[in-house]
Amino acid sequence: MTATLAENLARAAEAIGNARYGVGFTGAGISVESGIPPFRGEGGVWNRYDPSILDLDTFMRSPERSWPAIKEMFTAFLGTGDRTPVEPNAAHRVLAKWEAEGRIKTVITQNIDGLHEAAGSRNLVEFHGHCRSLVCLSCGRRLPLNAETTAADVPKCPCGGLLKPDFVFFGEGIPPEALADSDEAARRTDCMVLVGTSGVVYPAASLPFLAKRNGAFVVEINPEPTSYTDAVVDVFLPLKAGEAMERLDELVSA
Ligand SMILES: [Zn+2]
């Protein structure tokens with residue numbers, strides 16, 4: 001007999017409530033309700049730009065092609081210019097609340113939108129980097145990302161070097177600290193909550209498999225089943241991120 005949604009919510013809440021080392025693992029789907037379009041699929045950045053503009057070699061060869069698209073991404077993420085600032089939604093807020101309550105030890109995100117930090121998550125692994133700073137490809141210096149540092153068509157370091165956003169480009173490695181921290185969290189967790197991630201972008205996509213192999217209970221929140229659902233997931237909740245997390249929080253806090 002198939003469990004009802006209410007039964008599945010109760011099972012997930014019980015696992016989260018009992019967790020000694022809860023870990024949140026999130027992707028683009030958690031930010032959709034904040035108004036950030038996913039990269040892939042309808043309305044995604046990649047419908048309008050060739051993904052090669054964020055390939056490291058392409059960027060270094062022709063930064064003047066890449067920077068207009070990068071600036072458009074910053075506008076979408078950070079709400080600069082005439083856009084309203086983007087705010088965390090209920091799903092980000094519940095993860096931060098659970099961290100404050102000691103249920104969640106680490107949030108691992110593949111997103112570069114900064115919304116977990118804005119919601120108050122502290123022990124955060126930003127697997128693909130972030131949009132808070134720029135790094136000089138010549139001298140390694142970091143500058144804050146703001147209107148001033150990104151004013152030029154192709155932003156440059158005071159040393160003359162090319163500035164690159166501090167998120168991970170195609171053809172670029174995952175920051176070693178993020179790899180180590182997410183690996184450790186996935187090995188230690190006894191309850192992993194997946195929100196809005198479909199498991200297509202490696203190496204991040206392997207983390208729920210690692211958690212499962214180490215005995216974690218895995219909760220998945222996605223509107224549709226994904227490659228995780230039948231492979232590693234104990235409870236699948238086919239809901240929007242914000243609604244699912246609010247309903248779980250009510251049960252966990254009861
Ligand atoms: Zn420099």
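Colleague: In this predicted model, how do helix 5 and helix 10 lie to each other, roughly parallel or oblique?
Modeller: The axes of helix 5 (residues 90-100) and helix 10 (residues 241-253) come within 7 Å. They cross at roughly 30°. Angles under 35 degrees count as roughly parallel. Helix 5 and helix 10 are therefore roughly parallel.

Colleague: Which residues of helix 10 make that contact, and which hand does the crossing of helix 5 and helix 10 have?
Modeller: From helix 5 come Ala90, Ala91, Val94, Leu95, Lys97 and Trp98. From helix 10 come Ala241, Gly242, Met245, Glu246, Leu248, Asp249, Val252 and Ser253. The crossing of the two helices is left-handed.

Colleague: How many residues in the contact of helix 5 with helix 10 are nonpolar?
Modeller: Sort the contact of helix 5 with helix 10 by class.

Colleague: How do helix 1 and helix 10 lie to each other, roughly parallel or oblique?
Modeller: The axes of helix 1 (residues 5-18) and helix 10 come within 9 Å. Their crossing angle is roughly 60°. Angles of 65 to 115 degrees would count as roughly perpendicular, and under 35 as roughly parallel. Helix 1 and helix 10 are therefore oblique.

Colleague: Which residues of helix 10 make the contact with helix 1?
Modeller: The crossing of helix 1 and helix 10 is right-handed. Helix 1 brings Leu5, Leu9, Ala10, Ala12, Ala13, Ile16 and Gly17. By class, the contact of helix 1 with helix 10 has nine nonpolar residues, one polar and one charged. The helix 10 side is made by Arg247, Leu248, Leu251 and Val252.

Colleague: Why does Leu251 count as partly exposed?
Modeller: Leu251 lies in helix 10. Buried would mean under 20% relative accessible area, and exposed over 50%. Leu251 counts as partly exposed because its relative accessibility is 41%.

Colleague: How far apart in space are Leu251 and Ile16, C-alpha to C-alpha?
Modeller: Leave aside the neighbours of Leu251 within four places in sequence. Leu251 is then in contact with Leu9, Ala10 and Ala13. Along the sequence, Leu251 and Ile16 are 235 residues apart. In space, C-alpha to C-alpha, they are 9.8 Å apart.

Colleague: Now the strands. Are the residues of strand 7 buried or exposed?
Modeller: Strand 7 covers residues 191-195. Cys191, Val193 and Val195 point one way, while Met192 and Leu194 point the other way.

Colleague: Which residue in strand 8 is the bridge partner of Leu194?
Modeller: Strand 1 (residues 22-26) pairs with strand 7 in the parallel sense over five bridges. There, Thr26 stands opposite Val195. Strand 7 also pairs with strand 8 (residues 217-221) in the parallel sense, over five bridges. In strand 8, the partner of Leu194 is Glu220.

Colleague: What is the bridge partner of Val135 in strand 6?
Modeller: Strand 4 (residues 129-136) and strand 6 run antiparallel. Four bridges join them. In strand 6, Val135 has as its partner Lys164.

Terms used: Residues numbered from 1 in each chain as written. Predicted model: local features only at pLDDT ≥ 70, side-chain atom pairs only at ≥ 80, totals over all residues. Heavy atoms only, no water. Pairing = 2+ DSSP bridges. Axes fitted to C-alpha atoms, helices over the stretch in contact; angles between N-to-C directions. Parallel < 35°, antiparallel > 145°, perpendicular 65-115°, else oblique. Left-handed = near helix turned anticlockwise from the far one by under 90°. Contact = heavy atoms within 4.5 Å. Nonpolar A, V, L, I, M, F, W, Y, C, P; charged D, E, K, R; others polar. Buried < 20%, exposed > 50% of the residue type's maximum accessible area, 1.4 Å probe, protein only.
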